[in-house]
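Biologist: I'm new to this one. Could you show me how to read its helix packing and its sheet?

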Amino acid sequence: MSYLEYNVKSVPSGLSKVLYLNWPIVVLLTAIASVGFLMLYSVAGGSMTPWAEPQMKRFAIGVFLMLCVAMIPVWFLRNVAGVAYALSVLLLLAVEFFGSTGMGAQRWIDLGFMRLQPSELTKITLIMFLAAYYDWVGVKRISRPIWVLIPVVIIALPMYLTLRQPDLGTSLLLAFGGGGVMFLAGVHWAYFAAVIGAGAGLVSAVFKSRGTEWQLLKDYQYRRIDTFIDPASDPLGAGYHITQSKIALGSGGWTGRGYMQGTQSRLNFLPEKHTDFIFTTLAEEFGFIGGISLLSLYVMVLVFCVVSGLSNKDRFASLLTMGIGLTFFLFFAVNMSMVMGLAPVVGVPLPMVSYGGSAMIVLLLAFGLMQSAHVHRPR
Amino acid sequence: MRRSPKDTEESAAIISRRGLVLGGGMAAFAAVLGLRMRHLQVDQADQFRLLAEENRINIRLLPPARGQIFDRNGLLIAGNEQNYRVTMVRDEVDDPEEVLRAISRLIPMTDEDLDHAREELRKRSRLVPVTIADRLSWEDLSQVAVNAPALPGISPEVGLSRSYPRGADYAHIVGYVGPVSDYDLSRIDDKDPLLLIPKFQIGKTGSENKLERQLRGKAGTKRVEVNAIGRVMRELGRDESQKGANVQLTIDTRLQNFVQARLAGESAAAVVIDVRTGDLVSIGSAPAFDPNMFVRGISVKDYGDLTGNKYRPLANKAVQGTYPPGSTFKMVTALAALEAGEITPDETVYCGGYTEVASRRFHCWKRGGHGKVNLRNSLKQSCDVYYYDLAQRVGVEKISAMARRLGLGERHDVPMSAVAGGLMPTKAWKKENRGNDWVIGDSLNASIGQGFVLASPLQLAVMTARIATGRAVSPRLVKSVDGVETPEGGGEPLGIDEEMLRQVRGGMFAVANETGGTGAATRIVDKELRMSGKTGTSQVRNISKAERARGVFRNADLPWERRDHALYVGFAPSDAPKYAVAVVVEHGGGGSTAAAPIARDIMLAAQTDGVPPLSAYPSSQRGRISSSLKKLKLWDPDQPEAPDSQA
């Protein structure tokens, strides 16, 4: 029996849906965003401009969009998932041909009123489409090779396009996000084992290809890997980011150096202190307590997502919710690993905190989807 | 599409299982992140805090002001004046060429200046400020300061640089300072970080060099916060530098100025010593040079002029130059003989114009001889044969010993460059250094201050002071350091019988005052100011037999560098000595004509604290002396600055 048929009466309708939102997540996201405002104010040297104020405006817009999306019935979202995916892949292609270059990478298209970063959007539409796919494919067929190949192609297409920009970070996030949804849907373990094995092979191929004609990554990506492995090798050149970032974190100690007292960020030793490396400023100024608090907020968002996903009896809604939770996790896990020297510097922002329009709005849209799934869950 | 409830349940079970696994994985990774954070922020906090401080804080040295040098009356000899300059830190500049071009549009800089700046930038550490333009006007500095935001790495600075308001008068005593050179760094064992400051000035010659330790002071430090590109954001704290000690010399600027002016035109030196304290009240050496030229950076041409001059302006002849003392040495031989009991003051020796010893003739300066001479007359007329006779009786060892007691052959400890030890030969010395045995002729030559004997004007002045007082007067140049008086050099009694000394002094009085004395022409008639002395004329060449037969050349007929050195030593007042003087005029001819007039003028100036009074001169000489004294270029000593620097 279809979900529609036996559920529709018990689902809230009209404005009463607002009461059924997953409010803890809204509160947690607002709290995380506020930490972001605080830090952006601090890194600007105690000023609302140029970062804190625009970020607040975007957050307001994002929250509004999230609430709008939350009102849309989840079954409608499932039906348009394919279209959304197709649209975002087309946008990625558009970047390929008409995109502008920023920071050595071609990542966004200027729509006139805003700069759109389609790769951000793709992270969500991919999850949506995969969830819809597994909602459609029966459990029996899930692990058959042909039905495994299809989602692999679905994931590989945007991955390839983002790699060409080149944006290794997003590309990896897409792989992990998509793979995560496949894993949740119940694809056989053996496939994952095979992929991990192939991945290891690929990594060694990447290293072996270096300096040859068929070099797989750009030089700057190799350099980032080099400095990740040994940041001390070039403390003023390529390893500068990691070294200074670790110094900032470490010098925070237990309680930090006090709000707006972080010397590393104040004196510009920290690179990209308002975007990818904003966590280091937080950790420098508020110390271990500040850092662990933010991490706890993230984990709590994750917990609410997983609980919501597990308790949702609808397959699409459940996969979507946990997929979004996974994407959110990947964002902060990769970013924090990066600034703490556990992962190479791949250019992933700290979700809801780093300055940047696309990322925040897309994340809030994603949580709109998750809220829709939560509001319209079968009861 | 439709789906059986079993499917839904089965799939829900799968999703729950997988969801829990994934959730668990995420939680585990979050825990790893937390642990990593703890590791960095708690376990390694101290280490990283230190690194952050190292990032942030730069320590800059604050150079101390150099100690000033004053004369005995507190007049400034060497001071510090403000110097505006522009420095660049190479590390803060992307393209130094561009910045240099921009600077040269703001302030006048020659191509030579620019090349020099490039050279300095290349040589010095990238992190230290390098001076690229020096001695700017206030307007030029303001130009740079106003444009500083557009000139990365550039900062306008106010520094101190050395100045010598008395110009050339103290060139040889005080010397000059200059920027530390690589040669200095390699030569001196000094770990003072100040020396690493580019263009930090240290004493190069003279007292500036010898008293470097006292004058330099201690570096201060300033802790500044810098940002990632090294620009100073704010000052966090400072330890002020400690100014170097002020040094007061025993020199009297007014007399020093008179001496330099009086020596001008000659290649000469004069030393005036206070016999009661050992204070060196004047040390003159001519020609001199303006030490300020060296501080500012002397041009190749000027330097060439100084080194190419045959009068050797750079040498401090008063302490570095050694000369055969000639007849001024005769007091030493006389005292040695008296003390050894080989002669009494009244005993006479016959002078027939020469002595023949070991089949060699040793001539007296007076061809016809002096006849019978006693001690007093031997000094008065400077009879050589008398001393040849004493030398044979006493022997060189006793003469040498007496000379040492009187301060010859000994390097006096005064803080000036290359103070000479002179030479007072003994038999052992000759054996060791010349490989020959001492022969009697050597003794004869030594007895009249020729042969191997060498002494500097400073040593001769000390010798005279010791004869005048009977005490081991030792020269003192530094009166006080930072207000702490250095011990006087009046000295202990020499242990020479006072009666013998009185006899010798009597001879010196006769030289300078009695008719027939070699220095009588330059007598002082004022009884209060009367001088006793001894002339000396030392040969710098051998007089061959043929020349002697033909008639010895007159000095005026010889080229300058082959003429005799003219010497004079003396003390005044004769009855109660206050000052002793030694004058050497290189290749000046006769001591009585070239050196004695200078010594007389200096002694009068010393005793009257100013220009010599005309009344002290014999009335017949007053007109000539008056006009020559008027020609001297003297400064008004109350003027702090020299009107122009004389070389």
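Modeller: Two packed helices are described by the angle between their axes and the distance between the axes. Here, the axes of helix α5 (residues 118–136) and helix α14 (residues 357–375), both of chain A, come within 8 Å and cross at roughly 20 degrees. That makes α5(A) roughly parallel to α14(A) (angles under 35 degrees count as roughly parallel). Axes are lines fitted to C-alpha atoms, for helices over the stretch in contact, with angles running from 0 to 180 degrees between N-to-C directions. Helices (H or I, at least four residues) and strands (E, at least two) are DSSP runs, numbered from the N terminus.

This is a predicted model: local features need pLDDT of at least 70, side-chain atom pairs count only at pLDDT 80 or more, and totals for chains, interfaces and linings use all residues. Residues are numbered from 1 along each chain as its sequence is written, while chains are lettered from A and ligands numbered from 1 in the order in which they are written.

Biologist: Which residues in α5(A) meet α14(A)?

Modeller: Among them are A:Leu121 and A:Ile124, and on the α14(A) side you'll find residues including A:Val362 and A:Leu365. Contact requires C-beta atoms, placed from the backbone, within 7 Å.

Biologist: And how do I read the sheet?

Modeller: Strands of a sheet pair through backbone hydrogen bonds, either parallel or antiparallel. In chain B, five strands form an open antiparallel sheet in the order β12-β11-β21-β20-β19; a pair needs at least two DSSP bridges. β12(B) and β19(B) stand at the edges, each with a single partner strand, so one side of each lacks a neighbour in the sheet. Strands β20(B) and β21(B) pair over seven bridges, and B:Leu567 has B:Val584 in β21(B) as its bridge partner.

Definitions and conventions: Angles under 35 degrees count as roughly parallel, over 145 as roughly antiparallel, 65 to 115 as roughly perpendicular and the rest as oblique. Two residues are in contact if their C-beta atoms, placed from the backbone, lie within 7 Å.
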